[in-house]
Amino acid sequence: MTDFLQSIFGDFYGKMIFILLDATQYTIYLSLVAFIGGGLIGLVMTVLKILPNKGARIVATSYIWLFQSIPLLMLLFLIGLGVPSFFLIEVSPWMAAGISLTLFTSAYMAEVWRGALESVPTGQWEGSKALGMTFRQTLTDIIAPQALRIAIAPTVGFMVQVIKGTSMAYIIDFTDLMRWGKKIANSQVPGAEPFIVFPIVALIYFALCFPLSQWAKSLERKQALGKSR
């Protein structure tokens, strides 16, 4: 891979691009951890939010409000720097970044999915109740399948925000694309100036995010066509 890039861009820039592409894998891994972990927690919060139980709804609402109100950068500082200093424990950048982004993602995913569930006409709930179906049966057999089709497009769209959010993890020394980009730009090596390095970093982020954003738009168009029929 290095030889291929060096044959196209020259020795110096070929090696620099290889380093940035190699670091991109950690951006992808962190995005997947945040999306999967946040999705699982978000799913639990979504269910708690719609349960016919006031205590459960208060817990879910408080959780969502808390982690939507705290900026991601502040979460990274608190978990990556504050917790180790206050409790005198070691928290690796990987763990701190993963936890921070998971909490951030879960709060927003819960709201996306709650909105999808609530977009299903209330008559579906009422009809199921009239047929003697339980809350669980109504949710899993009637409401969730309809909400899933509605939720897919915004869920895919939010993946773009998760990927872009990982760029803040460099602040706690998480070694990813942004961290290496900043490292190379600060190296004071001729040819590795910030106005050269950061556009390359931006192009890599664009390559990660653009296909997802287009996929989300495509899903939205299909959903709109389905409604118009």
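**Exercise 1. In which helix is threonine 27 found?** Then describe its surroundings.

*Solution.* This is a predicted model, where local features need pLDDT of at least 70, side-chain atom pairs count only at pLDDT 80 or more, and totals for chains, interfaces and linings use all residues. Residues are numbered from 1 along each chain as its sequence is written, and side-chain values use heavy atoms, with hydrogens and water left out.

Step 1. Threonine 27 is found in helix α2. Helices are DSSP runs (H or I, at least four residues), numbered from the N terminus.

Step 2. Threonine 27 has 0% relative accessibility, so it counts as buried. The cut-offs are under 20% relative accessible area for buried, over 50% for exposed, and partly exposed in between (1.4 Å probe, protein chains only).

Step 3. Set aside residues up to four places away in sequence; threonine 27 then touches Thr166, Asp176, Leu177, Tyr205 and Leu208. Contact means heavy atoms within 4.5 Å.

**Exercise 2. How many aromatic pairs does a search of the whole structure find?** Classify two of them.

*Solution.* Step 1. The search finds 9 aromatic pairs. Rings of Phe, Tyr and Trp (its six-membered ring) pair if their centres lie within 6.5 Å; planes under 30 degrees apart count as stacked, over 60 as edge-to-face and the rest as tilted.

Step 1. Take tyrosine 26 and tyrosine 29. Their ring centres are 5.9 Å apart and their planes stand at 85°, so this pair is edge-to-face. Both tyrosines lie in helix α2 (residues 11–50), 3 residues apart, about one turn of the helix. Tyrosine 26 is partly exposed at 31% relative accessibility; tyrosine 29 is partly exposed at 39%.

Step 2. Take phenylalanine 104 and phenylalanine 158. This pair is stacked, at 6.5 Å centre to centre and 25° between the planes. Phenylalanine 104 is in helix α5 (residues 93–118) and phenylalanine 158 in helix α7 (residues 135–165), so the pair ties together parts 54 residues apart in sequence. Both phenylalanines are buried.

Step 3. Phe104, Tyr108 and Phe158 are linked into a cluster by ring pairs.

**Exercise 3. Which residues of α2 and α7 meet?** Sort them by class.

*Solution.* Step 1. From α2 come Ser31, Ala34, Phe35 and Ile50; from α7 come Phe135, Leu139, Thr155, Met159, Val162 and Ile163.

Step 1. The contact has 8 nonpolar, 2 polar and no charged residues. Ala, Val, Leu, Ile, Met, Phe, Trp, Tyr, Cys and Pro count as nonpolar, Asp, Glu, Lys and Arg as charged, and the others, Gly among them, as polar.

**Exercise 4. Examine two residues with positive phi.**

*Solution.* Step 1. Leucine 88 is not a glycine, yet its phi is positive, about 55°. Leucine 88 sits in the loop between α4 (72–87) and α5. Its relative accessible area is 75%, so leucine 88 is exposed.

Step 1. Glutamine 188, also other than glycine, has a positive phi near 60°. Glutamine 188 lies in the loop between α8 (177–185) and α9 (194–228). At 75% relative accessibility, glutamine 188 is exposed.
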